[in-house]
Amino acid sequence: FIDDFAKLRKQRSLGLNGRWKMILLGATACAVGYAAHHQQLRHDVFVPIVDKWVPLGAAWYLLVFFIIVGAANAVNLTDGLDGLAAGTSIISLMTLTAMAVTIYIRSGVLHHRIENRLDAAFIGAAVIGAAVGFLWFNAFPAEVFMGDTGSMALGGAIGAMAIFLKVELLLLLVGGIFVVEAVSVMLQVFSYKWWGRRVFLMAPIHHHFEMKAWSETKIMVRFWIVSGILCAAAFALFYKYYPQIRPN
């Protein structure tokens, strides 16, 4: 919000300094870490398919930092076309909300209900509702724009839900489009810095397809489709492997 406010107030594209952005994102990650500690979440990560918990100890809080900062910035990078960030965020949040509801229902059958998972589902549903309302006016041609205020909030919400549901690794699939967008920027910068050549016509990758004469609507819908497929795969892995919803 500070970044967007500064841009509007000064009528220029330079907003909050990148260093201050990282400091404030770090503070947000600390708040999420404190809340996770208060909820007594396990300091390990479940690896599906391998079906193992990997203990991280105190390093788990470092993972929390990378998830919050990475998710917030990745969704921010995705917010470059009408309806793109909002639509893909809704698909990701619907998947995480479905996971939260599944954990709540199955935990009651297996042992005792995990009430805070239902709280996570309520929050997910509320953010989805807000994003749907926004998307109604942000669809091409957009009448309103979310800016950093909206995109980083959506990314933070997605990252935080993954942390509190203990599905950290599945975030790579649930937020697959955001991962691709962020990686495309890193590849572009790395390639140009070291070899003086660009991997994409323009980064993030949705601009690459724009340069190839794809319409905004085509890019948006196709990215939604890919996001849906990745989220379906994530939910399938979750339902099959995660110990929160099956007998030990």
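Let me start with I49, which is exposed in this predicted model, at a relative accessible area of 58%. I49 is not a glycine, and yet its phi is positive, at about 70°. You'll find I49 in the loop between β1 and β2, the latter being residues 52-55.

Q40 also deserves a look. Its phi is positive, about 55°, and Q40 is no glycine. Is Q40 buried or exposed? Exposed, with a relative accessible area of 71%.

While we are in the loops, let me point out the cis peptide bonds. One runs from F140 to P141, with omega near -10°, and P141 sits in the loop between α5 (115-138) and α6. Another runs from A203 to P204, with omega near 0°; P204 belongs to the loop between α8 (176-195) and α9 (205-211).

Now please turn to α2 itself, residues 18-38. Its 21 residues reach 30 Å from the first C-alpha to the last, close to the 30 Å expected at 1.5 Å a residue. At the start of this helix, a side-chain oxygen of N17 comes to within 2.7 Å of the backbone nitrogen of R19. Which residues of α2 are buried? They are L25, G26, A29, V32, G33 and A36. Because they cover an arc of only 120° around the axis, they lie on the same side of α2. Their cover includes α3 (59-78) and α6 (147-164).

On to the core, then. The largest nonpolar core has 46 residues, and those with the most contacts inside it are L96, M99, I163, L165, V167 and F238. Which helix gives this core its largest share? That is α4, with 8 residues. Take V167 as an example: leaving aside neighbours within four places in sequence, V167 is in contact with L96, M99, A162, F238 and Y242. There is also a second, separate core of 8 residues, with L81, L84, I205 and F209 among them.

I'll finish with T102, in helix α4, residues 84-110. T102 is buried, because its relative accessible area is 14%, under the 20% cut-off. Not counting residues up to four places away in sequence, T102 touches F235, F238, Y239 and I245. Along the chain, T102 and Y239 are 137 residues apart, but their C-alpha atoms are separated by 8.5 Å. Thanks, everyone!

Conventions:
Residues numbered from 1 in each chain as written. Predicted model: local features only at pLDDT ≥ 70, side-chain atom pairs only at ≥ 80, totals over all residues. Heavy atoms only, no water. Helix = DSSP H or I, 4+ residues; strand = E, 2+ residues; numbered from the N terminus. Expected span 1.5 Å × (residues − 1). Buried < 20%, exposed > 50% of the residue type's maximum accessible area, 1.4 Å probe, protein only. Arc of directions from axis to C-beta. Contact = heavy atoms within 4.5 Å. Polar contact = N/O pair within 3.5 Å; in protein donor to acceptor, adjacent residues only side chain to side chain. Core = buried A, V, L, I, M, F, W, Y, C linked by side-chain atoms within 4.5 Å.
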